[in-house]
Amino acid sequence: MSAGERTPILSVRALTTELRTEGGRFHAVDSVSFDLFPGEVLGIVGESGCGKSMTALSILGLVPRPPGRIVAGEVRFEGRDLVRLPERELQRVRGAKIAMIFQEPMSSLNPVFTIGEQIAETLRHHERLGRRAARERAVELLAKVGIPSPAERLDSYPHELSGGMRQRVMIAIALACNPKVLLADEPTTALDVTIQAQILDLLQRLQAELGMAVVLITHDLGIVAEFAHRVLVMYAGRVIEEGPVEAIFESPAHPYTQGLLASLPDLEGEIGRLSAIPGSVPQMGELGPGCRFAPRCGLVEPACLAADPPLARTGARAVACRRADLAAAPRERVA
Amino acid sequence: MASEALATPLEAVAAPPKRRFPTLRRLLRHKLFLVGALLFGIVLTAALFADFLIQVDPNRISIRNKFRPPGSEWIFGTDNFGRSQWSRVVKGAQLSLAIGFGVVLLNALFGTLLGALAGYFRALDNVLMRIMDAFMAFPVILLAIGITAALGPGSINAVIALAAVYTPRTARIVRASVLVVREQAYIEAARAMGASHARILLRHVLPNCMAPLIVQLTFIFAYSVLSEAVLSFLGLGAEPPTPTWGNIIAEGRLYIREAPWITLIPGLALAMTVLGLNLLGDGLRDVLDPRLKVQQ
Amino acid sequence: MLRYVAHRLLASIPVLFLVTLISFSLMQLVPGDPAILIAGLQATPEEVERVRRQLGLDQPFHVQLISWYAHLLRGDLGSSLLLGRDVLEVILERLPVSFSIALYALALTVGVGLLAGILAALRQNSWVDQLVMTVALLGVSLPNFWLALMFIVLFAVQLGWLPSGGYVDFREDFWGWLRATTLPAVSLAMLQMGLLARITRSTMLEVLRQDYIRTARAKGLPNHLVVGKHALKNVMIPVVTVLGIVLSLLLSGSVVIETIFSIPGIGSLLGSSILRRDYPVIQGGLLFVATMLLLLNLVVDLVYAWLDPRIRYGHGE
């Protein structure tokens with residue numbers, strides 16, 4: 001099934017978000033474009049600081065206003081551009097049509113309100129449910145996310161729950177109004193490994209059940225391999241590769257993606273040195289005019305330093321690398 | 001080929017130049033800190049060079065010159081005794097700042113001592129903190145007037161009273177820092193190497209508690225100047241005819257209709273001093289307390 | 001919560017004991033012979049002796065201490081040297097006066113200070129913020145007694161809107177009470193309003209940075225709910241703890257403010273007792289005020305514990 005046949009539910013075009021710091025102004029999200037199709041799980045991977053979280057925040061207009069703002073691009077959803085939508089309208093979309101869950105379950109819930117209240121208020125606000133109806137629905141939701149004794153738990157405070165349970169509550173809140181899109185920003189990073197698996201299973205189950213489209217942001221390739229249908233690879237604020245999960249893992253086109261996959265320890269092969277990508281992620285103020293990955297790239301040539309390569313599409317895949325066709329070979333070829 | 005490719009631009013990006021005294025530079029860039037420094041600086045200069053700035057003796061009575069408004073002849077005007085208000089207010093600056101400084105010094109000494117002992121030795125903590133709490137149960141001015149009532153009026157007694165009143169608050173701040181620093185790994189390392197408690201406290205713990213202490217002492221300076229003014233307004237500070245801002249205001253109160261400048265000017269002087277100190281304290285806190293560095 | 005309450009109550013007892021001890025010790029601080037000081041330099045030896053016996057100064061230290069506590073337990077704070085009346089009686093008489101003004105000042109502090117702080121935080125770095133913070137800074141820096149005098153000159157002398165002193169019982173004439181107490185209450189509250197505005201602003205800014213506020217926005221809640229419900233409750237918690245300091249400062253300020261406005265409250269009582277060396281009143285007054293403050297702080301702590309579910313329900317994990 002090629003991308004052209006379905007209509008995307010969410011369409012991001014040239015989204016650019018600027019951040020101001022003491023070091024200066026730079027684009028945390030630089031001309032990012034992608035489509036999200038109904039019912040699919042799109043993984044966004046990249047190292048810390050590559051702009052993946054910012055992209056999600058930008059979609060919902062949640063970028064913290066003093067240091068950051070969206071300066072260009074559009075986000076099309078249900079025939080409207082979310083970037084240009086007035087705040088009031090955007091509030092109707094948030095939580096109801098597009099929901100988001102975050103990385104830190106410990107601090108993402110308000111400590112002075114019960115979890116029941118925090119779930120119910122979404123329902124009361126978006127779906128105009130009365131108190132009793134909202135409470136009942138909240139109990140159902142808690143049960144759905146796998147919290148035992150949901151009716152009693154309703155009146156618990158966040159500090160009385162473990163990290164995994166809090167994340168389940170966050171999911172319950174997000175799903176309360178049956179959103180069409182779920183943005184999950186590193187939902188399991190802060191949890192223990194065993195809990196991680198449980199939460200991801202839960203997400204997968206719910207996604208299949210409700211037919212939501214999910215944007216799963218993570219730095220963990222393993223999670224992407226297991227749960228995503230398509231993958232976006234980001235580096236220094238840009239999308240540098242895109243494609244179906246199997247294809248990307250099989251034959252990564254961009255040298256960075258190759259590097260990422262090569263650095264995964266091989267369970268079956270011989271024991272050798274772990275390969276790492278030399279150098280480190282550039283500081284945002286230090287970017288040159290050329291390809292951002294050039295300083296660390298094994299295939300760099302002079303043309304790479306002159307201009308940033310655009311994202312070139314062929315069928316279901318896209319890659320932003322001048323030497324991509326050469327590099328579209330099996331995994332070994334990195335340096 | 002490969003090694004060549006790898007040896008590219010990583011080195012080309014020059015490291016930013018290292019700058020010395022980063023904290024001092026940040027302070028000097030903090031606008032409100034500079035305003036505070038200016039305001040307090042003016043008062044400090046007046047206090048330090050009071051004797052050079054005064055031409056007429058502050059206590060010199062000249063009845064024929066009474067109630068002169070501020071003008072070219074008498075910069076701050078005169079009072080009911082014809083005394084030069086300029087001389088009195090400037091001289092008052094000397095005393096007010098001296099008292100403030102005295103209180104700060106005593107606070108630094110005893111507050112640090114008590115706070116360090118309470119924070120470091122768990123056995124002493126409970127006892128010391130209960131005593132501090134008991135002192136803090138009395139409102140500041142009330143305790144100060146209680147002590148000065150017992151000891152008698154005068155500047156030295158005012159210093160003792162105010163030092164006693166504010167020391168528990170300083171001790172609290174020091175204790176809080178010590179409690180945190182005490183748990184650090186390098187303290188354990190020092191202990192493991194056989195350092196004595198005294199050495200650990202002096203060399204390792206206290207230097208790391210300086211920042212909040214300095215901020216607190218700046219504010220204490222401000223509070224003491226204000227409190228001393230209240231005390232002398234009530235008649236508990238330096239005895240007349242020695243001028244303090246507080247007792248000038250008290251005396252001027254009777255003539256507030258015919259000569260409002262007598263009350264007005266010392267009040268402004270007080271405001272300038274306390275405002276300056278508050279701004280200095282705010283600036284210091286912004287720069288020295290890393291938690292609050294986010295906003296810009 | 002119950003455990004917290006019990007713990008706080010228990011912790012207060014030794015502090016209360018120390019407070020009584022400190023109050024007692026004040027008399028011992030007097031250098032020289034207090035009896036002579038009190039009786040005055042012109043007093044005859046018999047008068048000095050009478051004062052000495054009346055205050056029990058002729059007894060050894062430990063007897064004085066025991067006697068002090070014996071009296072305390074009977075609710076006897078001694079008797080005023082000048083008024084010849086029971087100290088406690090005089091204090092209780094003046095309590096409603098001081099209390100009504102303190103309440104007025106507190107209402108201003110919370111009403112104006114809190115709102116100003118919230119407003120400044122919501123409009124951070126705007127002209128509103130700068131204005132509020134400047135006024136707050138001035139409030140904290142200007143001496144309250146001087147401000148009081150300036151207010152008198154402006155509002156009483158020049159404009160004649162409000163009286164320059166005196167007190168009217170609110171039970172007899174409410175509007176008269178309001179007119180008489182407005183200038184004193186405002187002078188008294190300036191410092192606290194400034195303090196509360198500053199602290200509320202920084203607390204609000206801190207709270208608005210928290211993850212749970214981001215979650216609230218992500219849920220699509222409108223701004224008035226995000227701030228008015230989610231942020232506000234979290235702001236109130238640290239602000240409540242400041243109330244203890246505010247109360248203490250109000251009591252501190254009352255001495256000089258009541259003196260200036262000739263208000264017959266506890267503050268002016270203490271003020272005049274110092275100059276007249278009426279030690280029993282000073283001792284008794286200090287003890288009374290400190291005890292009251294301890295109790296009020298206890299109440300503040302309880303409110304704080306009640307507001308914060310982490311303390312109310314204990315730690316779950």
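**Notebook: chains A and C**

I began with the contacts within chain C: of those that join residues at least 6 apart in sequence, 70% link residues at least 24 apart. I note at the outset that the model is predicted.

**Entry on chain C**

I looked up the secondary structure of chain C and found 13 helices and 0 strands. Following the sequence, I read the pattern as α-α-α-α-α-α-α-α-α-α-α-α-α. I then took the extent of the chain along its principal axes: the C-alpha atoms of chain C fill a box of roughly 85 × 60 × 35 Å. For burial, I recorded that 42% of the 317 residues of chain C count as buried.

**Entry on chain A**

I turned to chain A, for which I noted 13 helices and 12 strands. I compared the radius of gyration of chain A, 21 Å, with the 20 Å that the globule rule gives for 335 residues; the two values are close, so chain A is as compact as a globular protein of that length. Along the principal axes, the C-alpha atoms of chain A fill a box of roughly 65 × 50 × 45 Å.

I traced an open sheet of 8 strands in chain A, with mixed pairing and the order 6-7-8-3-9-10-12-11. Which strands form the edges of this sheet? I identified strand 6 (98-101) and strand 11 (312-314) of chain A, each of which pairs on one side only. With direction ignored, neighbouring strands of the sheet are turned by 20° against each other on average.

I examined one pair within chain A: strand 7 (residues 181-185) and strand 8 (residues 213-218) run in the parallel sense and are joined over 5 bridges.

**Entry on the contact between chains C and A**

I next asked how many residues each chain gives to the contact. Chain C contributes 21 residues and chain A contributes 26 residues. On the side of chain C that touches chain A, the elements that give two or more residues are helix 9 (211-218), helix 10 (223-260) and helix 13 (309-312) of chain C. Helix 9 of chain C gives the most to this side, with 6 residues. I sorted the side of chain C that touches chain A by class and recorded 6 nonpolar, 7 polar and 8 charged residues.

Definitions and conventions:
Residues are numbered from 1 along each chain as its sequence is written. Chains are lettered from A and ligands numbered from 1 in the order in which they are written. This is a predicted model: local features need pLDDT of at least 70, side-chain atom pairs count only at pLDDT 80 or more; totals for chains, interfaces and linings use all residues. Two residues are in contact if their C-beta atoms, placed from the backbone, lie within 7 Å. Helices (H or I, at least four residues) and strands (E, at least two) are DSSP runs, numbered from the N terminus. Ala, Val, Leu, Ile, Met, Phe, Trp, Tyr, Cys and Pro count as nonpolar, Asp, Glu, Lys and Arg as charged, and the others, Gly among them, as polar. The radius of gyration is taken over C-alpha atoms; the globule rule is 2.2 Å times the number of residues to the power 0.38. A residue is buried if 20 or more other C-beta atoms lie within 10 Å of its own, exposed if 12 or fewer, and partly exposed in between; C-beta atoms are placed from the backbone. Two strands pair if DSSP finds at least two bridges between them. Axes are lines fitted to C-alpha atoms, for helices over the stretch in contact, and angles run from 0 to 180 degrees between N-to-C directions.
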